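User: I am new to reading protein structures, and I would like to go through one step by step. Could you take me through the features of this one?

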Amino acid sequence: PKVLTVLGEASGVILGGLHPWSRYRLQVLVFNGRGAGPPSAEISFHTPEGGETPQNPNSAPQNPNSAPQNPPQNPKKPNR
């Protein structure tokens with residue numbers, strides 16, 4: 001698991017480095033001079049599709065009403 005530490009009295013943070021077509025789980029823990037508090041309830045979310053298709057189409061959510069963005073095409077010059 002990755003850890004993001006936010007210092008001070010921040011009221012929010014933007015998570016960077018998330019990937020399209022991915023699922024994430026998030027918990028918040030508060031640390032102070034007395035130690036760590038209990039973790040928050042787990043928050044689950046997923047990132048929507050980005051400008052590219054997923055690297056593994058079998059692991060991405062599929063929309064049955066959408067057509068493929070780049071349908072397969074025959075090569076202009078086949079291998080021999």
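User: How many helices and strands are there in the chain?

Analyst: Helices (H or I, at least four residues) and strands (E, at least two) are DSSP runs, numbered from the N terminus. In this chain there are 0 helices and 4 strands, and from the N terminus on the elements run β-β-β-β. Please keep in mind that this is a predicted model, in which local features need pLDDT of at least 70, side-chain atom pairs count only at pLDDT 80 or more, and totals for chains, interfaces and linings use all residues. Residues are numbered from 1 along each chain as its sequence is written, and side-chain values use heavy atoms, with hydrogens and water left out.

User: What share of the residues in the chain is buried?

Analyst: A residue is buried under 20% relative accessible area, exposed over 50%, and partly exposed in between (1.4 Å probe, protein chains only). Here, buried residues make up 5% of the 80 residues in the chain.

User: Is Leu4 buried or exposed?

Analyst: Leu4, which lies in the segment before strand E1 (23-26), counts as exposed because its relative accessibility is 51%. Trp21 also has its place in the segment before E1, but Trp21 counts as partly exposed, at 21% relative accessibility. The phi of Trp21 is near 60°, a positive value in a residue other than glycine.

User: Where is Ser40 found?

Analyst: Ser40 is found in the loop between strand E3 (35-36) and strand E4 (43-46), and with a relative accessible area of 27% Ser40 is partly exposed. The C-alpha atoms of Ser40 and Val30 are separated by 9.0 Å, while these two residues are 10 residues apart along the chain.

User: How much space lies in the largest pocket?

Analyst: On a 1 Å grid over the protein atoms alone, a pocket is an open set of points where a 1.4 Å probe fits, with protein on both sides within 12 Å along at least five of seven lines, and lining residues have an atom within 4 Å of a point. A volume is the space filled by probe spheres set on the points, and for the largest pocket this is about 1,200 Å³. Of the 29 residues that line the largest pocket, the closest to its centre are Lys2, Val3, Leu4, Leu26 and Gln27. The largest share of this lining, 4 residues, comes from E1.
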